[in-house]
Amino acid sequence: MTQQPVSPAQQQAPVPAAAADKSEAGRGGWRGIGLRADVRNLSLLGVLAVLVAVGGITEPDTFLSTSNLQLVLTQASVIGVVTVGMTFVITSGGIDLSVGAIVALSSVWATTLATQEYGFAGILFTAVVVGLGCGLVNGLLIAYGGLVPFIATLAMLASARGLALQITDGRTQIVTVKSVLDLGVPDSYVLGVPPLVLVFAGVTVLGWLLLNRTTFGRRTVAVGGNAEAARLAGIDVRRQRLYLYLLSGLCCGIAAFLLIVLAGSGQNTNGNLYELDAIAAAIIGGTLLSGGRGTIVGSVLGVLVFTTITNIFALNNLQSDVQQIAKGAIIVAAVLVQRRTARDGDV
């Protein structure tokens with residue numbers, strides 16, 4: 001019998017079931033994924049509403065006051081900017097344990113007497129450049145040095161903390177530049193909104209656009225989902241990772257400047273446990289710890305939840321160790337929920 005000619009379509013290898021599932025999710029599943037993301041955000045808004053109710057009941061005269069709400073938003077701004085950068089890093093499948101130490105180093109380097117001689121511009125420039133420099137070192141070690149992100153950023157954490165302590169010699173560096181300090185006083189508020197909150201809002205919007213509306217964001221998700229597949233698709237994975245840690249360092253530099261405005265000083269203890277808060281906020285917001293999915297809106301809501309919890313605990317004179325226990329429990333619960341939804345085919 002003569003064999004029938006095989007068409008080019010028939011010659012193509014069959015698509016594995018797993019690949020078909022992913023392909024189907026990519027074509028028709030985005031609406032479902034978006035719906036689930038909306039549900040997560042609505043859930044976080046519900047948690048935030050409950051916390052506001054608890055704060056209003058336990059401390060009605062203080063918690064709901066305008067000054068306290070402004071304080072909550074201002075405090076959320078500093079860690080929020082860090083969390084935006086952390087969201088990109090985690091989405092790519094990485095981690096950055098050095099963000100708190102980078103904030104500390106940037107803040108003390110930017111508040112030395114020599115730096116303050118250059119005024120507002122000198123402080124801002126130094127904070128941003130130091131943050132970028134640390135991010136560059138992290139990126140080079142991870143992307144081109146082959147170090148695991150956990151190890152590279154842990155080394156940066158220790159080095160940056162040590163250098164910050166060496167610069168300050170354990171002392172608090174008071175800011176004397178009036179134009180910097182003026183950003184933290186009520187007279188500088190725009191329609192009752194502190195300038196630090198406006199900066200946080202601007203970083204959030206830019207972060208959302210970068211992640212959801214640009215090629216850079218799509219490449220970040222691709223690298224986090226499957227780095228080898230991303231490489232075969234033509235993405236320079238190493239360069240992308242370098243850019244992501246630079247972005248994280250930039251966010252730390254901006255956050256350091258906001259912290260300088262908020263505290264009026266630079267200290268080597270600044271940014272303590274920021275890495276915990278940023279990772280926790282990103283995770284409970286819906287960013288997948290293993291990479292491949294990230295949400296800026298969810299991360300911001302996570303920041304607001306944690307900042308509100310801290311504020312309620314402080315107003316009720318509860319000890320800080322109880323706050324850390326509560327945050328740890330929330331992180332564990334969020335990771336367990338992620339694992340459950342992953343088994344159910346959510347990601």
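**Close-up views of a predicted model**

**View A. Residues R231 and E228 share helix α12.** Helix α12, spanning residues 227–232, contains both R231 and E228, which stand 3 residues apart, or about one turn of the helix. In this predicted model, a salt bridge links R231 to E228, with 2.5 Å between the closest N and O atoms. An α-helix has 3.6 residues a turn, so residues three or four places apart point the same way. With a relative accessible area of 46%, R231 is partly exposed. E228 is likewise partly exposed, at 42%.

**View B. A salt bridge joins D182 and K178**. The side chains of D182 and K178 come together with an N to O distance of 3.0 Å. D182 has a relative accessibility of 29% and therefore counts as partly exposed, because the partly exposed class lies between under 20% (buried) and over 50% (exposed). K178, at 59%, is exposed.

**View C. A salt bridge connects R171 with D169**. The closest N and O atoms of R171 and D169 are 3.1 Å apart. Both of these residues, R171 and D169, are exposed. In total, the structure holds 3 salt bridges.

**View D. Helix α14 is mostly covered**. Among the buried residues of α14 are Y274, E275 and D277. The buried set also includes A278, I279, A280, A281, A282, I283 and I284. After α14 comes G286, which has a positive phi, near 115 degrees.

Note on methods:
Residues are numbered from 1 along each chain as its sequence is written. This is a predicted model: local features need pLDDT of at least 70, side-chain atom pairs count only at pLDDT 80 or more; totals for chains, interfaces and linings use all residues. Side-chain values use heavy atoms; hydrogens and water are left out. Buried means under 20% relative accessible area, exposed over 50%, partly exposed in between (1.4 Å probe, protein chains only). Helices (H or I, at least four residues) and strands (E, at least two) are DSSP runs, numbered from the N terminus. A salt bridge is a side-chain nitrogen of Lys or Arg within 4 Å of a carboxyl oxygen of Asp or Glu.
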